[in-house]
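Morning, everyone. Please have the sequence and the model open while I talk.

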Amino acid sequence: MRRDLQHMLAAARNARIPLLIGSAATGGADNQLSVVVGMAEDIAKQAGQHFRLGVIHSEPARDYLREKYHNKKIRPLGTAPSIDESVFDRSAHIVAVAGVEPFQAALDLGADVVISGRSTDASIFAAIPTRAGLAPGPVWHAAKVLECGAAAVVNRKYSDPLVAWIRDDHFVIEPPNPDYRCTPLSVASHSLYENGSPTELVEPSGTLYLDRVTYEAINERAVKVSGSRFESSDTYTVKLEGAELVGYQTVVIGSIRDPVILRQLESWLEGMQGTARQRLEEIFGTDDAASIQIGVRRYGVNGTLGKLEPDPRISHEVALVFEVTAHSQDLATSAAKAVTHIASHYAVPEWSGLISALAFPHSPTELNRGPVYRFNFNHVLELEDPLEPFSIETLNI
């Protein structure tokens, strides 16, 4: 991250053009934003750079969110988990995903460089051209394609930039790297990336429609895109993302090659986990044992798709990933040792005596992951003002 930031700051300051950075350190929470801002200050100091830095905080105050919740201004999206007021106390972080307006406000305050907390990927690239009054359809579609850099080229081998020229009724996109090229298919496919609909992309201020879009190769490396439409929404909304602590986790990886066990893998796992549960209660007592969660992922069966896997065939060997989670790291590690010992020697009727069911690639087998979190928000927040949940400060670097 420091290397990329160093290159971007140097290029932007040398060219005297604004630099916008969104979703600082990916999550965009205040503690992550602080790290990136500190890094930028340190890089600038070492390079002798001076500029005005805009900092966008996207982690709203909990009292503000509670009030919005009471006023029914927070509503769920799709498969959002149900929430109640306790979620605001349980969450480690809750961020609002910014649109273009906070970036534009920071630029209006004279910022040369803007570092934002959580934002939509496309907003980072749409902020300046929409501020300049360019047509929103081509702007938002170009921003959507630019959001992952060279991901829209044919056979990307490594990360690299991408450039777009935005006109009134179309945009042209082309990779500056001569080793890369864009085709209508590669650009169109990225329009679908991380998008629930092939024809609609919802942003805080409206929706980008792609149902009338045409992609045309204008040479061997560049593509012209026409027909993109953006319609403003009646209600401005920003997505909320939150996470809460689940516990502390230890992971153990082991593989099974024994065809006798693999033929009865599910019943073997069910019996093993039942025995492990009993043993954990004997070792740690009922209360601590009740806090321990045991998960087993099965790679070679359905490790990628889970319950959605349509092919029931089992490979000739299966890797099991044991995930043991508890209220402390020590408890998770101790429980993982017990669980995997039981799994290693859990009997099957066809074999007599002690069996060794699992082969482990690591020694010691336990890999401690530390604290683990789960998402607890997939909601939108209705706003009266696009800047409402965000605070912006400027620093003279």
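I will go through the cores, then one histidine, then a pair of helices. Keep in mind that this is a predicted model.

Cores first. The largest nonpolar core has 51 residues. Which of them touch the most other members? They are V114, L162, I173, L240 and L381. Helix 7, residues 136-146, supplies the largest share of this core, with 6 residues.

Now the histidine, H141. Where is H141? Find helix 7 again; H141 sits there. Is H141 buried or exposed? Its relative accessibility is 0%, so H141 counts as buried. The H141 side chain makes a polar contact of 2.9 Å with the side chain of S191. Again setting aside residues up to four places away in sequence, H141 touches F171, S191, L208, L210, V213, Y215, V225 and S228.

Last, the helix pair. Packed helices are described by the angle between their axes and the distance between the axes. Here we have helix 1, residues 2-15, and helix 2, residues 30-47. Their angle is about 55°, and their axes are 10 Å apart. Therefore helix 1 is oblique to helix 2. Their crossing is right-handed. Who meets whom? From helix 1, R2, L5, Q6 and L9 meet V36, M39, A40, D42, I43 and Q46 of helix 2.

Definitions and conventions. Residues numbered from 1 in each chain as written. Predicted model: local features only at pLDDT ≥ 70, side-chain atom pairs only at ≥ 80, totals over all residues. Heavy atoms only, no water. Core = buried A, V, L, I, M, F, W, Y, C linked by side-chain atoms within 4.5 Å. Buried < 20%, exposed > 50% of the residue type's maximum accessible area, 1.4 Å probe, protein only. Helix = DSSP H or I, 4+ residues; strand = E, 2+ residues; numbered from the N terminus. Polar contact = N/O pair within 3.5 Å; in protein donor to acceptor, adjacent residues only side chain to side chain. Contact = heavy atoms within 4.5 Å. Axes fitted to C-alpha atoms, helices over the stretch in contact; angles between N-to-C directions. Parallel < 35°, antiparallel > 145°, perpendicular 65-115°, else oblique. Left-handed = near helix turned anticlockwise from the far one by under 90°.
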